[in-house]
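I opened my notebook beside the model today and wrote down what I looked up, one entry at a time. Have a look at the structure first, and then read along.

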Amino acid sequence: MKPLRHGSTWLGLWLGAIGGVVLVCLLPGADLPKVPISDKVEHALAFFALSVAAGQLFLRGKPLAIVALGLLALGVAIELAQALLTTSRMMESGDIVADAIGIAAGVALAWTPLRDVLLRIDHL
């Protein structure tokens with residue numbers, strides 16, 4: 001992890017966000033508010049947000065690559081859970097592709113000046 005003063009807090013918030021994404025992906029679709037965008041866009045945006053946050057928490061290189069692969073594995077696990085554990089959701093390979101696009105876009109920000117925004121905020 002990056003040398004954050006409140007690293008445990010930020011990590012806890014990120015893990016909570018991951019839990020929120022999992023919950024929303026496994027709830028019956030009828031229980032969720034209707035949003036006028038594609039399901040694939042929702043997946044890409046959710047995983048983009050998680051990976052941008054990961055880029056704020058974890059160092060570039062191997063640590064961030066491991067987290068990115070973990071997020072992709074999470075996306076696959078969500079799709080499997082939708083197929084095996086729900087009656088109102090279905091597994092879609094397009095969702096995994098959307099997750100991967102969101103993850104790649106989010107991780108790419110770790111190679112921009114935006115990579116240390118949380119570090120600067122954390123040390124105010």
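**Entry 1**

I started with A77, which is partly exposed at a relative accessible area of 38% (buried means under 20%, exposed over 50%, and partly exposed in between, with a 1.4 Å probe and protein chains only). A77 is found in helix α3 (helices are DSSP runs of H or I with at least four residues, numbered from the N terminus). I then checked A77 against A46: they are 31 residues apart in sequence and 15 Å apart in space, C-alpha to C-alpha.

Before going on, I noted that this is a predicted model, where local features need pLDDT of at least 70, side-chain atom pairs count only at pLDDT 80 or more, and totals for chains, interfaces and linings use all residues. Residues are numbered from 1 along each chain as its sequence is written, and side-chain values use heavy atoms, with hydrogens and water left out.

My other alanine was A17, in helix α1. A17 is partly exposed, with a relative accessible area of 36%. A17 and A53 are 36 residues apart in sequence, and their C-alpha atoms are 9.6 Å apart in space.

**Entry 1: helix α1**

I wanted to know how the span of α1 compares with what its residue count predicts. Helix α1 covers residues 7–26, and at 1.5 Å a residue its 20 residues should span 28 Å; the end C-alpha atoms are 29 Å apart, which agrees. The expected span is 1.5 Å times one less than the number of residues.

Which residues of α1 are buried? I found G7, W14, I18, V21 and C25. They cover an arc of only 60 degrees around the axis, so they sit on the same side of α1 (the arc is that of the directions from the helix axis to the C-beta atoms). S8, L13 and L23 are exposed on the other side of α1. The buried residues of α1 pack against α2 (39–57) and α3 (62–85), where contact means heavy atoms within 4.5 Å.

Side chains of opposite charge can pair when their charged atoms come close. My search of the whole structure found 5 salt bridges (a side-chain nitrogen of Lys or Arg within 4 Å of a carboxyl oxygen of Asp or Glu).

I followed K40, which counts as partly exposed at 27% relative accessibility. One partner of K40 is D39, with the closest N and O atoms 3.3 Å apart; D39 counts as partly exposed at 28%.

K40 also forms a salt bridge with E92, the closest N and O atoms being 2.6 Å apart. This pair links distant parts of the chain, with K40 in helix α2 and E92 in the loop between α3 and α4, 52 residues apart. E92 counts as partly exposed at 28% relative accessibility.

The side chains of K40 and D95 meet in a salt bridge too, at 2.8 Å from N to O. K40 lies in helix α2 and D95 in helix α4, so the pair ties together parts that are 55 residues apart in sequence. Is D95 buried or exposed? At 2% relative accessibility, D95 counts as buried. Salt bridges that share partners join D39, K40, E92 and D95 into one network.

Technical notes
Helices (H or I, at least four residues) and strands (E, at least two) are DSSP runs, numbered from the N terminus.
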